[in-house]
Amino acid sequence: MKVEIEPYSCVSSGNCLMVAPKVFDQDPEDGRVILLTEEPAAEQRGNVDKAIFLCPAQAIAWAEEDQS
C-alpha cells in the first residue's frame with residue numbers, strides 16, 4: 001500500500017509527524033507535510049491510519065490501487 005499526500009492542502013498541524021515520525025516530516029520553512037516513504041513498513045500502517053484520521057485538512061490518504 002502506498003501513501004499519498006496533498007502538501008498544499010496541509011495546514012501544518014503536525015499530527016501526522018506526532019503519530020508516524022518514520023513516515024512523515026514537516027518542511028522547516030512552511031511546516032507542510034513531507035512524505036518520507038510512500039510504502040511504509042507493515043508495522044507503520046496503523047500509525048498512518050491514525051495520521052489520516054487526525055489530519056484536519058485531509059491531506060493524507062492511502063493511494064488507490066491501480067486495477068490495470
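Leaving aside its neighbours within four places in sequence, with which residues is Glu39 in contact? The legends below begin with that residue.

View 1. The model shown here is predicted, and its local features need pLDDT of at least 70, side-chain atom pairs count only at pLDDT 80 or more, and totals for chains, interfaces and linings use all residues. Residues are numbered from 1 along each chain as its sequence is written, and side-chain values use heavy atoms, with hydrogens and water left out. Glu39 is in contact with Met1 and Lys2 once its neighbours within four places in sequence are set aside, where contact means heavy atoms within 4.5 Å. Although Glu39 and Met1 are 38 residues apart in sequence, their C-alpha atoms are 6.0 Å apart in space. Glu39 itself sits in the loop between strand S3 (33-35) and helix H2 (45-54), the helices (H or I, at least four residues) and strands (E, at least two) being DSSP runs numbered from the N terminus.

View 2. Side chains of opposite charge can pair when their charged atoms come close. A salt bridge is taken as a side-chain nitrogen of Lys or Arg within 4 Å of a carboxyl oxygen of Asp or Glu, and by this rule the model has three salt bridges. In one of them Glu38 pairs with Lys2, with the closest N and O atoms 3.8 Å apart. Glu38 lies in the loop between S3 and H2 and Lys2 in the segment before strand S1 (3-5), so this pair ties together parts that are 36 residues apart in sequence. Lys2 also forms a salt bridge with Glu39, where the closest N and O atoms are 3.9 Å apart. Because Lys2 lies in the segment before S1 and Glu39 in the loop between S3 and H2, that pair ties together parts that are 37 residues apart in sequence. Glu38 is partly exposed, with a relative accessible area of 44%, and Lys2 is likewise partly exposed, at 38%; buried means under 20% relative accessible area, exposed over 50%, and partly exposed in between (1.4 Å probe, protein chains only).

**View 3. The pair of Arg32 and Asp30.** Arg32 forms a salt bridge with Asp30, their closest N and O atoms being 3.9 Å apart. Arg32 is partly exposed at a relative accessible area of 26%, and Asp30 counts as partly exposed at 40%. Elsewhere, salt bridges that share partners join Lys2, Glu38 and Glu39 into one network.

**View 4. Two residues with positive phi.** Ser12, although not a glycine, has a positive phi of about 65°. Ser12 is placed in the loop between S1 and helix H1 (15-19) and counts as partly exposed, with 29% relative accessibility. Gln58, also not a glycine, has a positive phi of about 55°. Gln58 belongs to the loop between H2 and strand S4 (60-62) and counts as exposed, at 69% relative accessibility.

**View 5. The cavity and its lining.** A cavity is a set of points, on a 1 Å grid over the protein atoms alone, where a 1.4 Å probe fits but cannot get out, and its lining residues have an atom within 4 Å of a point. Grid points are joined across faces, edges and corners, and a volume is the space filled by probe spheres set on the points. The model has one cavity of 30 Å³ or more, and the largest cavity holds about 100 Å³ of space. Its lining consists of 16 residues, of which Cys10, Ser13, Gly14, Cys16 and Cys55 lie nearest the centre of the cavity. The lining residues divide into 10 nonpolar, six polar and no charged, where Ala, Val, Leu, Ile, Met, Phe, Trp, Tyr, Cys and Pro count as nonpolar, Asp, Glu, Lys and Arg as charged, and the others, Gly among them, as polar.

Conventions:
1 Å grid on protein atoms, 1.4 Å probe; cavity = no way out; pocket = protein on both sides within 12 Å on 5 of 7 lines; lining within 4 Å.
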